[in-house]
Amino acid sequence: MTETPQTGSDERSEKTRTATAAIEEMAERGYAFGFVTDVEQDIVPPGLDEGVVRLISAKKGEPEWLLEWRLKAFRHWLTMEEPTWANVTYAPIDYQSHAYYAAPKGAEDGPKSLDEVDPELRAMYDRLGIPLQEQELLAGVAVDAVFDSVSVATTYKERLAELGIVFSSFSDAVREHPELVRRYLGSVVPYTDNFFAALNSAVFSDGSFVFIPKGVRCPMDLSTYFRINARFTGQFERTLIVAEEGSYVSYLEGCTAPMRDENQLHAAVVELIALDDAQIKYATVQNWYPGDAQGRGGIYNFVTKRGLCAGRRSKISWTQVETGSAITWKYPGCVLKGDDSVGEFYSVAVTRGYQQADTGTKMIHIGRNTKSTIISKGISAGHGQNTYRGAVRILRGADNARNFSQCDSMLIGDQCGAHTFPYIDVHNPTAQMEHEATTSKVGEDQVFYCNQRGLDDEEALNLIVHGFCKEVFRELPMEFAVEAQKLLEISLEGSVG
Amino acid sequence: MLDIRNLHVSIEGSEILRGIDLRLDPGQVHAIMGPNGSGKSTLAQVLAGREGYDVTDGQVLFQGEDLLAMAPEVRARKGLFLAFQYPVEIPGVSNTYFLKAALNAIRKHRGQPELDAMDFLTLVRQKTRLVQLDEELLKRPVNEGFSGGEKKRNEIFQLAVLEPKLAVLDETDSGLDIDALRTVADGVNQLRAPDRSFLVITHYQRLLQYIVPDVVHVLVDGRIARSGGRELALELEERGYNWVEPQSAPSAAPARA
């Protein structure tokens, strides 16, 4: 699957043309041999070629333009190399050994009742206070079809529809609002952006679509619906959120509960677009399976998230709490194109066991008087490795741009590591940049001080970690913050004492 | 209240405390004085249960129980309080939040219900007056950005809220100017009670002008070289520590003046 390195654009386009011709030919043959029968299968055998991309698109009944877009992405992906600059190590991924399409699993595949679910997982659910019905859903238990998800979703949808808000699965949006999807898809993260974004663009399974019309303030955090449907989103999610002039939306992704997932490779793409005076708040709690005590079997999470502040005075905030996955590769960023636009990034990343996280943000200042804030908190315990990687770029036209960055690392124990790579690139002399960084070790003296006031080791650690992450947690909606705090406590259990 | 018998303590193999005997009755205030390196702070740390100190011999009874067998947080919950010489900063955790967690841990241990936010605030307000602690400091993270004096005042404020049975003050006077010293001492004096004892560790006798001890012990080279009334402190001030020769015999209970 390796390609000869490209030497010139002529050569490349020549090559692409030939490739296209070959593919078209193959595709025709494919149809001749009956993709139709394939469509009825639920699982496609491992491997990735244009046939698989076409198959995915066909199964979803997608329009021609979307198939074309996927194919372009796939062809581009073939020319790319997997990035190796991140501060993570893992065995090479054989992309041909993965299956790229599986229909949403039917209830019959799951355990028959919660009694069949891993007791450890159940204990975690209980401690997080997740209602039984939701536990069943998360664990993939065969739930009665009458389950709330349908009705809840419908209620939500009706309320939102009255305001003109579109909130649906990506597939539904392609069917119901093709013009919107077509207009914005890939406008922030083009399929050429990076290796994983290209892969996602070719094979994305499903995801969410949100559209907030001009002047509308979305009356609720868009979360519950997503949470209930999380099971069906699959490994290559794609999310697109468009906020028109003067609108507002707060979106919550993910879940504190660890989710059952047999797919090791995850590559999601999230695109946000904020027009004049629009505001998007996007919060994530990520708790994918981190692997066993030796670090085997955990999820590889390669995510591309980017928001475009297209309009003047628009604002995009990313807040993330990352506690899961064996490998996290994720840099939610903002392109501050509109004058006076604002980008924010608040992050807590925890690595324990043998987890590795390379995460941070990119803030690209293009417009005048643009402002960005970065608050990153990395916590490492056990053998965990935590890297902050950030880029702040002030382009030539970005007069009076301002950035404030704060990157704090906390070490628990002496086997873990914290690393910081802040890149700053300024092309306008009026820019104001501030960067602060600290590394602290949870001191024996801090824990002892708490002990001496009556708190045990776990209580002491929770208190210290809570204090460390406070600036990020307060950006989360109340309930989510409480859950996230609890999740952190459980994650770090047994790290001291 | 506290009964220390023949206490020997080593750090990494070298002996710091070489047989301490001390008995502190309810309501009493004892002062421990001594030159640098005599083992004063070691005694405080061992009583509070800090790791890294090896008790090689002897025992300590606290309210009749084996203190050394208890985890540090259990000692605290049972009523032992250490005012730290160098109070630790805990960034991001507000002073109020911290203290509420501590108080409720102790109340839980005593079988009392947790205090709700309103009752807690009332209590805290009342106690801030005791040490003239600026209420602004309550909202700030624990000890972060506090001046030396504010940190020490904060320790005594915590003491006031947690109402321990035995308070060990480890060089609380160090780094305080005379006004702050007076305020801190006033706070301590108001907290003196028939069922509460104090062990005041200090290098200088000036603190003892304000907190008048029942007994003064002089610690030299890991042993109590001399014990006496408060006039012993004055004598030390005048003649210096060299005047007190480390006694060759460890001796049993020191004579009281």
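This is a predicted model: local features need pLDDT of at least 70, side-chain atom pairs count only at pLDDT 80 or more; totals for chains, interfaces and linings use all residues.
In chain A, helix 13 (residues 457-473) and helix 14 (residues 478-491) have axes that come within 11 Å and cross at roughly 140°, and the crossing of helix 13 of chain A past helix 14 of chain A is right-handed. Helix 13 of chain A contributes N462(A), V465(A), H466(A), C469(A) and F473(A) to this contact, while helix 14 of chain A contributes A481(A), A484(A), Q485(A), L488(A) and E489(A). Of the residues in the contact, six are nonpolar, three are polar and one is charged.

Between the two chains, 20 residues of chain B are in contact with 17 residues of chain A. On the side of chain B that touches chain A, two or more residues come from each of helix 2 (72-77), strand 7 (90-94) and helix 3 (95-109) of chain B, and helix 3 of chain B gives the most, with five residues. This side of chain B comprises 15 nonpolar, two polar and three charged residues.

Chain B also holds an open sheet of six strands in the order 6-9-10-3-11-12, with mixed pairing, in which strand 6 (80-83) and strand 12 (223-228) of chain B are the edge strands. From one strand to the next, the twist averages 20°. Strand 6 of chain B runs parallel to strand 9 (residues 166-170) of chain B and is joined to it by four bridges; F81(B) stands opposite A167(B) in strand 9 of chain B. Helix 6 (residues 148-162) of chain B lies across strand 6 and strand 9 of chain B, running at about 165° to strand 6 of chain B.

Terms used:
Residues are numbered from 1 along each chain as its sequence is written. Chains are lettered from A and ligands numbered from 1 in the order in which they are written. Axes are lines fitted to C-alpha atoms, for helices over the stretch in contact, and angles run from 0 to 180 degrees between N-to-C directions. A crossing is left-handed if the near helix is turned anticlockwise from the far one by less than a right angle, and right-handed if clockwise. Two residues are in contact if their C-beta atoms, placed from the backbone, lie within 7 Å. Ala, Val, Leu, Ile, Met, Phe, Trp, Tyr, Cys and Pro count as nonpolar, Asp, Glu, Lys and Arg as charged, and the others, Gly among them, as polar. Two strands pair if DSSP finds at least two bridges between them.
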